[in-house]
Amino acid sequence: MTTFSELGLDEKLVKATDALGYVNPTPIQEKAIPVLLSGTKDFIGLAQTGTGKTAAFGLPLLHLIEVAQKHPQALVVCPTRELCLQIVTEIELFKKFIPAINVVAVYGGTSIGMQIRDLKRGVQIVVATPGRLIDLIERKAIDLEQIKYVVLDEADEMLNMGFKDDIEFILQNTPKREATWLFSATMPAEIKRVSKKYMKEPFEVTVGKTNSASKNIDHQYFVVNNHHRYEALKRLIDFNPGIYGIIFTRTKLDAQNISEKLTRDGYDIDALHGDLTQQQRDKVMGAFREKSLQLLVATDVAARGIDVKEITHVINFELPDDIEVYTHRSGRTGRAGSTGICMSIIHAKDTYKIRSIEKMVQVTFHKLELPSGKDVCRKQFFSLMEKLLNTDISHGDYTTYLPMLQEKFADVTKEEILTRMAALEFDRFLKYYENAEDLNVREQRRERKEFNDRPMQSEGRQRIGGNDRARPTQYSDGDTMRLFVNLGTKDGFYKASFLQFILDMSDLPKDVLGRIDMKEMNSWVEVDKKVAHQMIKAVDGKNYRGRRIRMNDANSR
Ligand code: AMP
């Protein structure tokens with residue numbers, strides 16, 4: 001078996017892998033590292049999370065960085081803040097014996113000022129989400145001039161989330177790029193197109209199965225407060241300019257309200273609900289099929305049997321109570337071999353529903369952040385420019401008008417015309433989103449709120465369910481075992497949802513649990529000694545979002 005030192009890595013990096021307890025490279029590392037160490041070869045790695053891909057690109061990056069040069073040399077772009085933080089945490093571990101290398105995470109939803117300060121302290125590796133990175137480019141707060149290596153991690157997810165233009169923008173703004181490394185679990189046509197355009201004869205490696213067929217629907221959810229639901233819906237629509245989709249509501253009234261509000265705001269939308277006559281219903285469906293309506297808002301009953309191909313998005317304005325209904329709704333997209341996206345706008349207290357759907361339907365949900373107002377505007381701008389370039393002018397006799405146009409625009413430059421065009425079409429988005437607030441409900445806030453909601457609860461102890469009476473300490477220290485678990489708030493859990501998750505897996509009642517302490521990366525939970533091993537057996541070694549869960553006796557670690 002190959003060892004890390006045989007791969008040609010700097011000895012300080014080999015020492016770090018030793019310290020981490022890595023005995024041998026994983027298949028993706030074995031295949032990728034020798035190629036990436038050249039620093040000049042483009043690379044495509046088809047690998048899922050859990051295959052060791054972060055080390056596969058992280059170790060070669062650290063090897064290639066010129067330590068004395070205190071400017072950004074490598075850029076890692078990934079879809080979410082969680083992944084961003086995870087990558088930085090791992091790179092920090094790999095660079096344990098090369099402390100002079102600085103790495104920083106930049107992602108949205110948090111103070112940009114702090115990140116700008118971080119960037120100024122001479123970082124060589126920047127790990128970023130696309131939106132925030134572009135923000136920083138626009139503010140001239142990041143210098144990409146000297147970037148030699150660009151890594152696109154989870155490229156398929158980034159495209160699913162609508163970051164295609166942003167990625168192209170980033171690639172176009174790294175003029176000294178010597179190598180581009182792209183990692184993706186699947187290889188949709190869009191990625192092939194991007195790689196063809198920006199990469200030179202990439203070296204391609206596939207490990208494990210590429211899950212293309214089973215993953216034709218991407219399940220996503222967004223956590224917001226109830227009073228932000230409509231705003232969140234609008235933002236999702238605006239962030240997906242080419243959307244052709246169905247919005248599902250639980251009630252007729254919601255369907256009607258949303259349809260009216262969005263019509264007033266200038267969208268091509270109509271509602272389908274039980275109060276319509278057959279004739280009205282046919283009319284709405286006809287318009288939707290012809291695509292003169294871009295969006296349909298429907299209740300479950302009214303949407304029964306809709307079979308329209310090419311639906312790009314299903315949006316759940318609220319999650320249904322019934323798992324079967326969820327499956328039915330999401331199944332309206334991703335038909336006939338195409339891919340689709342099912343988005344759910346949820347309240348924090350419904351996270352447990354997401355977990356049960358994941359369990360029952362065997363799908364993985366991606367918790368995503370709602371785009372910021374700036375993200376939306378940029379997206380709309382790119383889309384408008386694309387539309388302008390792709391407008392079909394072949395079947396109109398525009399030449400007749402050309403002399404007149406030329407005369408009229410004689411003193412106006414091309415740049416000015418483009419700017420005016422943009423302003424004409426784009427102003428309403430700029431105005432609407434000028435002071436748009438961040439709609440995301442973040443983990444910490446949620447935890448605090450949950451704590452406030454339950455004043456009787458003793459500190460550090462969380463129960464599942466809404467029982468207001470504090471649970472007396474049932475166990476003395478001798479009765480419980482404290483278990484360590486390598487999952488934490490970064491995995492999208494908060495205390496109650498985490499407890500529910502491990503109880504569901506081990507099929508145990510909630511009263512076997514005692515105190516829980518939860519950190520970003522890990523948790524510690526007290527469990528009745530009599531069933532602790534049963535729980536470990538059920539949970540340890542299982543997969544969570546492609547990562548192997550570790551659960552063991554905290555005192556024997
Ligand atoms: P990733 O696919 O990068 O998310 O990695 C999944 C997990 O595998 C991480 O927790 C890594 O620390 C771990 N890992 C990566 N490379 C190795 C290795 N060569 N041996 C053992 N564990 C590894």
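Here are some notes on this predicted model, running from the ligand site to the salt bridges and a few individual residues.

1. Let's start with the ligand. There are 13 residues around the ligand, and Y22, Q29, G50, G52 and T54 come nearest. By class, this shell holds 3 nonpolar, 8 polar and 2 charged residues.

2. T54 places a side-chain N or O atom 2.5 Å from an oxygen atom of the ligand. Q29 has a polar side-chain atom 2.8 Å from a ligand nitrogen. For K53 the backbone is involved, with an N or O atom 3.3 Å from a ligand oxygen. As for cover, the ligand taken alone exposes 500 Å², and the protein buries 75% of that area.

3. On to the charged pairs. The whole structure contains 26 salt bridges. One of them joins the side chains of D321 and R250, with 3.1 Å from N to O. D321 sits in the loop between β12 (313–316) and α14 (323–330), while R250 is in the loop between β9 (245–249) and α11 (252–264), so the two are distant in the chain, 71 residues apart. D321 is exposed, at 58% relative accessible area, and R250 is partly exposed, at 38%. R250 and D321 also belong to a network of salt bridges that includes D350 and K353.

4. A pair within one helix comes next. R355 and E358 meet through their side chains in a salt bridge of 3.2 Å, N to O. Both lie in helix α15 (residues 351–361), and because they are 3 residues apart, about one helical turn separates them. R355 is buried, with a relative accessible area of 6%, and E358 counts as buried at 12%.

5. Another salt bridge links two strands. The closest N and O atoms of R482 and D517 are 3.2 Å apart. R482 belongs to strand β15 (residues 480–485) and D517 to strand β16 (residues 513–518), so this pair ties together parts that are 35 residues apart in sequence. R482 is partly exposed at 30% relative accessible area, whereas D517 counts as buried at 15%.

6. Now for burial and surface. Helix α10 (residues 229–239) has 10 of its 11 residues buried, so the rest of the structure largely encloses this helix. Among the buried residues of α10 are R229, K234, R235 and D238, along with L233 and F239. I502, in helix α20 (residues 495–506), is buried with a relative accessible area of 0%.

7. L402 is in helix α17 (residues 402–408) and is partly exposed, at 39% relative accessible area.

8. E154 is not a glycine, yet its phi is positive, at about 50°. E154 is in the loop between β5 (149–152) and α7 (155–160) and counts as buried at 18% relative accessibility. K291, likewise a residue other than glycine, has a positive phi near 70°. K291 is found in the loop between α12 (278–289) and β11 (295–299), and K291 is partly exposed at 44% relative accessible area.

Technical notes:
Residues are numbered from 1 along each chain as its sequence is written. This is a predicted model: local features need pLDDT of at least 70, side-chain atom pairs count only at pLDDT 80 or more; totals for chains, interfaces and linings use all residues. Side-chain values use heavy atoms; hydrogens and water are left out. A residue is near a molecule or strand if one of its heavy atoms lies within 4 Å of it. A polar contact is a pair of N or O atoms within 3.5 Å; within protein, one must be able to donate a hydrogen and the other to accept it, and residues adjacent in sequence count only if both atoms are side-chain atoms. Accessible areas come from the Shrake-Rupley method with a 1.4 Å probe; for residues, only the protein chains shown count as cover. Ala, Val, Leu, Ile, Met, Phe, Trp, Tyr, Cys and Pro count as nonpolar, Asp, Glu, Lys and Arg as charged, and the others, Gly among them, as polar. Helices (H or I, at least four residues) and strands (E, at least two) are DSSP runs, numbered from the N terminus. Buried means under 20% relative accessible area, exposed over 50%, partly exposed in between (1.4 Å probe, protein chains only). A salt bridge is a side-chain nitrogen of Lys or Arg within 4 Å of a carboxyl oxygen of Asp or Glu.
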